[in-house]
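This report describes how the side chains of one protein model are packed. It takes the nonpolar cores, then the aromatic rings, then a pocket.

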Amino acid sequence: MDTYKVALNGTIKQAEVNIYYKPIKNVHLKVYRDLKANLSVPLDVPDDWIIKFLEERKEWISKQLDKYQKAKGYNNLSSFKSGSSTQYLGKDRRIIKELSPKNFVEEDEKKIILHLTDTSDEELSQRLLEKWWREQANDIFSREMEILYESVFKKYKIEKPSITIRKMKTLWGSCTPAKCKITLNEYLLKADLRCIQYVVLHELTHLIYPYHNNDFYSFLTIHMPDWKERKKELDLEVVQGL
């Protein structure tokens with residue numbers, strides 16, 4: 001059995017779960033932001049056990065799918081509504097507007113709060129959010145690059161690269177070794193820190209190995225043994241400009 005279809009009672013009426021048999025001891029069920037679900041099980045688990053397991057967890061699956069489906073239309077920094085959500089450092093955050101004597105942004109574990117002198121001014125809201133987001137991206141990405149440069153790359157006598165933050169449609173980052181320049185996608189701020197660290201390491205590595213060859217990937221593995229898991233998490237879980 002490679003897949004199993006689970007009937008649901010939420011907004012999404014059916015989930016197709018991909019079944020993966022692996023040499024593992026525990027069972028892992030994961031629902032992704034692209035509305036796909038995977039179940040990893042030990043090699044000797046029978047089909048009837050898998051069916052029972054998934055049927056018992058159908059409410060949880062439905063809840064996760066509905067959450068991602070609801071956020072999907074608004075997971076976008078270029079057009080949002082108060083109460084909509086986006087990802088920030090790997091977590092869903094609601095974007096809230098509040099009337100305030102001055103314009104500023106603050107965030108906690110659940111919310112990004114736009115304090116506005118005029119909550120009806122959409123242009124002001126957008127400008128304030130985008131400015132704050134770009135500043136956060138620059139601060140966090142620069143800090144992670146500084147840490148990796150000092151701990152790994154400085155000893156190779158490589159000049160510390162400059163960093164540019166911009167919106168990118170298809171890439172998380174890029175490197176121009178000839179100019180010692182790294183460009184990172186501002187949407188990468190939606191990913192958790194582990195994924196950000198992977199992208200920064202990836203681009204820094206191009207300063208030594210410009211091409212994706214065996215030496216490049218060996219270097220990545222030496223300095224970040226779990227880079228493949230981080231890359232997979234980034235590719236599957238982080239929604240860009242939907």
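A nonpolar core is a set of buried Ala, Val, Leu, Ile, Met, Phe, Trp, Tyr and Cys residues joined through side-chain atoms within 4.5 Å. Buried means under 20% relative accessible area, exposed over 50%, and partly exposed in between, with a 1.4 Å probe and protein chains only. The model is predicted: local features need pLDDT of at least 70, side-chain atom pairs count only at pLDDT 80 or more, and totals for chains, interfaces and linings use all residues. Residues are numbered from 1 along each chain as its sequence is written, and side-chain values use heavy atoms, with hydrogens and water left out.

**Cores**

The largest nonpolar core has 44 residues, and Ile112, Phe141, Phe153, Leu188, Leu204 and Leu234 touch the most other members. Elements giving two or more residues to this core include α3 (122–153), α4 (193–205) and α5 (214–223); helices (H or I, at least four residues) and strands (E, at least two) are DSSP runs numbered from the N terminus. The largest share, 13 residues, comes from α3. Leaving aside neighbours within four places in sequence, Leu204 is in contact (heavy atoms within 4.5 Å) with Met145, Leu148, Tyr149, Phe153, Pro161 and Ile182. Apart from this core lies another, of 19 residues, among them Leu8, Ala15, Val31 and Leu39.

**Aromatic pairs**

Rings of Phe, Tyr and Trp (its six-membered ring) pair if their centres lie within 6.5 Å; planes under 30 degrees apart count as stacked, over 60 as edge-to-face and the rest as tilted.

| Pair | Centre to centre | Angle between planes | Type |
|---|---|---|---|
| Trp132 and Trp133 | 6.4 Å | 65° | edge-to-face |
| Tyr156 and Phe219 | 5.8 Å | 65° | edge-to-face |

Tyr156, in the loop between α3 and β9 (162–166), and Phe219, in helix α5, are 63 residues apart. Is Phe219 buried or exposed? Phe219 is buried, because its relative accessible area is 5%, whereas Tyr156, at 39%, is partly exposed. Phe153, Tyr156, Tyr209 and Phe219 form one aromatic cluster.

**Pocket**

On a 1 Å grid over the protein atoms alone, a pocket is an open set of points where a 1.4 Å probe fits, with protein on both sides within 12 Å along at least five of seven lines; lining residues have an atom within 4 Å of a point. The largest pocket is lined by 18 residues, of which Lys22, Lys30, Tyr32, Ser40 and Lys232 lie nearest its centre. The largest share of this lining, 7 residues, comes from α6.
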